[in-house]
Amino acid sequence: MWEAVRDCDPSYDGKFYYAVKTTKIFCRPSCKSKVPKRANVEYFKTRQAAEAAGYRPCKRCRPDLPAYDPGRELAEAGKAAFDRYFSDQEELDSKLKELGASKKRLSLLFKQYYEMPAKEYLVQVRLAAAKQALQAGASVLDAAGAAGYENMSTFYAHFRRQTGLPPAKYRQTGSSPATLQATW
């Protein structure tokens, strides 16, 4: 159990709780707080047992809540903002600022929960909107603008990297490179 506490191992969450005698606080094994001295640690099977022994729940890892994962909540809120405001950079920046997390923190959480940085997710959302606009017959300029791109060279670079085609060629074929090769 000490190794789980020392290593902040989340696989032991719910299996036991540890309390620090000097602070009178109990935590989950995955708590990212400062590692206590081993001599000051006491272990409990349940949170109720820790509370009965006079310990209060940690405010960082919230062992009193069954499913507390603020990182996931923040990542989901960021994802929702990207999905909704991808085409309006000012509104997107405003909504992300309201979340109260730095861009670096949000990107790290995105990588943790969605296995990609937030910036890459935003590019994917924007390109999906641009592809849809191009397939509907919009001009390249209109598709880039509707997707939230202010710089055409960035749009072309992102589009070509993801599809393997320039936007105009994609609009003509209305398909992916594999379908284009099959039709040739």
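User: How many disulfides does a search of the whole structure find?

Analyst: The search finds 0 disulfides. A disulfide here is a pair of cysteine sulfur atoms within 2.5 Å. In general, a disulfide is a covalent bond between the sulfur atoms of two cysteines.

User: Before going on, what kind of model is this?

Analyst: This is a predicted model, where local features need pLDDT of at least 70, side-chain atom pairs count only at pLDDT 80 or more, and totals for chains, interfaces and linings use all residues. Residues are numbered from 1 along each chain as its sequence is written, and side-chain values use heavy atoms, with hydrogens and water left out.

User: Is Cys8 buried or exposed?

Analyst: Cys8 is buried, at a relative accessible area of 12%. Buried means under 20% relative accessible area, exposed means over 50%, and partly exposed is in between (1.4 Å probe, protein chains only). Cys31 is buried as well, with 2% relative accessibility.

User: New topic: salt bridges. How many are there?

Analyst: The count is 4 salt bridges. The rule asks for a side-chain nitrogen of Lys or Arg within 4 Å of a carboxyl oxygen of Asp or Glu. As background, side chains of opposite charge can pair when their charged atoms come close.

User: Which residue does Lys79 pair with?

Analyst: Lys79 forms a salt bridge with Asp83, and their closest N and O atoms are 3.5 Å apart. Both are in helix α3, 4 residues apart, so about one helical turn separates them. Helices (H or I, at least four residues) and strands (E, at least two) are DSSP runs, numbered from the N terminus.

User: How exposed are those two?

Analyst: Lys79 is partly exposed at 24% relative accessibility. Asp83 is also partly exposed, at 33%.

User: What about Lys95, which residue is its partner?

Analyst: Glu91, with the closest N and O atoms 3.8 Å apart. Lys95 and Glu91 both lie in helix α4, 4 residues apart, or about one turn of the helix. Lys95 is partly exposed at 24% relative accessibility, and Glu91 is partly exposed at 29%.

User: Which residue does Arg62 meet in a salt bridge?

Analyst: Asp64, at 3.1 Å from N to O. Arg62 sits in the loop between β4 (56–57) and α3. Arg62 is partly exposed, at 28% relative accessibility.

User: What is the phi of Arg62?

Analyst: About 45°, a positive value, although Arg62 is not a glycine. Lys24 is another non-glycine with a positive phi, near 65°. Lys24 lies in the loop between β1 and β2 (25–27) and is partly exposed, with 40% relative accessibility.

User: Switching to the surface. Which residues form the negative patch?

Analyst: Asp88, Glu90, Asp93 and Glu150 form a negative surface patch. Patch residues have over 30% relative accessible area and no salt bridge; like charges are joined within 9 Å, and nonpolar side chains (Val, Leu, Ile, Met, Phe, Trp, Tyr) within 5 Å. Lys and Arg count as positive and Asp and Glu as negative, while His and the chain ends are not counted. The place of a charge is NZ of Lys, CZ of Arg, CG of Asp or CD of Glu. Accessible areas come from the Shrake-Rupley method with a 1.4 Å probe, and for residues only the protein chains shown count as cover.

User: Where is Asp88?

Analyst: In the loop between α3 (70–85) and α4 (89–98). Asp88 is partly exposed, at 38% relative accessibility.

User: Last bit. Is Gly78 buried or exposed?

Analyst: Gly78 is buried, at 0% relative accessibility. Gly78 is in helix α3. From Gly78 to Ser107 the separation is 29 residues in sequence and 9.4 Å in space, C-alpha to C-alpha.

User: And where is Tyr17?

Analyst: In strand β1 (residues 17–20). Tyr17 is buried, with a relative accessible area of 11%. Tyr17 and Gly54 are 37 residues apart in sequence, and their C-alpha atoms are 14 Å apart.
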